[in-house]
Amino acid sequence: FPREKEGRSKRIMNGLEETLEFLEARRAAGPCRVVLVSGVFNVLHPGHLRLLKFASEQGDVLVVGLLSNEQAPNALVDENDRALCLEGVSYADAVFIMHKSPTDTIRDIRPDVVAKGREWAEAKNPESKALAEYGGELRFSSGDVTFSSLQLIREEFARKQTLVLPERDGYMERHQLDRTTIRSALTAMRDLTVLVVGDTIIDEYILCEAMGMSQEDPVVVVRPITTQRFVGGAGVVSLHARGLGADVKFLSLLGNDDAGTFVQEEIARSGVTARYIVDPSRPTTVKQRFMVNNKKLLRVSYLREHAIVGSLVDEFLERFKALAAEVDLVIFSDFNYGLLPELTRRRAMQVCVELGVRTAADCQSSSQVGDISRYAAVDLVTPTEREARLSLHDNESGLVVLANRMQGKMGVKELIVTLGSEGLLIHHPVKGTFETDRLPALNSNPKDVVGAGDSLLVGTALTLTSGHDIWTAAYVGNLCAAHQVSQLGNQPTQLQELLDILDQERS
């Protein structure tokens, strides 16, 4: 019964009693078909609006029953704020907060029609019994696309930017690269076995709604909406390697806590073979990022940075020796949180030398203090410009001089200095001299830069280990990083996604 809705009074009723008084007055004025819709209405979205429009067309008066905080304990938004949002929807004549169940509310209001979404059409609907008691009807909306508030938020994490690669650029011309070469390098990773060693971190994203400035203190006030967790640190390095197709072994340090259990479950689900040193004296490292509209507002870290000692060192080295003997490549992902103190690191590196295993390393110095030069003589390091300058105590030299000094100090076989949005500087020693080149970033508008260095390290190291040169390896690593920053959260790189990017421009 479509009718004009102009002139309606849009009001929030003061509970069920006032709602009943409102309906009694409307019914007394003449024949009046009452339609009831009930729900949580977390974050008002198009699916809700379609349902309310459909419901308003089924009668003369639309009443919206909003489940209270007690009735909907998982609601993300307070009941009063949800009611205010619904009050502004022109389809609704009355909005009230329900403290009873929908079935009991139907018995009180006795609507002519109860409207629900099409997704409930094949489900068990407890409202049917109450409606049958007096001849009310249950109607389902037209089947338009449905939405979930949480689903919309979570889809933002899953949504990736479309990455468009140049068909051929100056770097590719100089090093005789094309998409076929890059594809070959990517698929060769599936033949490798890798050991990742280092500190595991949980990256926790807390999506918030901005509420404004506090009147008492000059601080921003936010309200948490939902939380997303990702395995980060050395953990995500192992997941990147696994996602690229390698057979991966993982050795790390965890606390004896729920966060450590989360890591173990996520790593096991990926197919990575993991061994953990459990230290009851520390928590599993968690880094929380509070975000509003995809912008980071604050980061809070829960961690301990003391070095492992005694039996934990012995346990680590015993497991490291056994695992390193089975792999083609060892990647050290050192966040300086205690797993790889100097003596332990030296002994682990000596094991790699004795076994003749290729090595790559990253020693983070973002919010903590690290020194990449600790990993002298490895096959590959990929420091940021800041990490390189900290290691050399050099804030003045140009990039090429800086890279040359670092290579001279460390004696590494391959060096890549990452420059953020400006791309990479590759430094390649050749018979007593060196070659350098710049590779621009492949994603000039990153969505979230967390994890870019990890994916670069993995992609480059795996490509080198599969027998390709540094120029090919750097491009593959750059591609991995560009894909990583196209999404929110530290999500593992997947081989097929990179292959799809390479194929995209051909079609």
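Two strands count as paired when DSSP finds at least two bridges between them, and strands (E, at least two residues) and helices (H or I, at least four) are DSSP runs numbered from the N terminus. The model is predicted, with local features needing pLDDT of at least 70, side-chain atom pairs counting only at pLDDT 80 or more, and totals for chains, interfaces and linings using all residues. Residues are numbered from 1 along each chain as its sequence is written, and side-chain values use heavy atoms, leaving out hydrogens and water.

Axes are lines fitted to C-alpha atoms, for helices over the stretch in contact, and angles run from 0 to 180 degrees between N-to-C directions.

Now follow helix 16 (residues 470-484), whose axis comes within 10 Å of that of helix 8 (residues 179-188), crossing at roughly 80°. The two are therefore roughly perpendicular, a label for angles of 65 to 115 degrees. Thr181, Ile182, Ala185 and Leu186 of helix 8 meet Thr472, Tyr475, Val476 and Leu479 of helix 16, where contact means heavy atoms within 4.5 Å. These residues divide into 6 nonpolar, 2 polar and no charged. In this scheme Ala, Val, Leu, Ile, Met, Phe, Trp, Tyr, Cys and Pro are nonpolar, Asp, Glu, Lys and Arg are charged, and the others, Gly among them, are polar.

Helix 16 also meets helix 17 (residues 495-504), their axes coming within 11 Å and crossing at roughly 100°, so this pair too is roughly perpendicular. Leu479, Cys480 and His483 of helix 16 touch Glu497, Leu498, Ile501 and Leu502 of helix 17.

Methods. Parallel < 35°, antiparallel > 145°, perpendicular 65-115°, else oblique.
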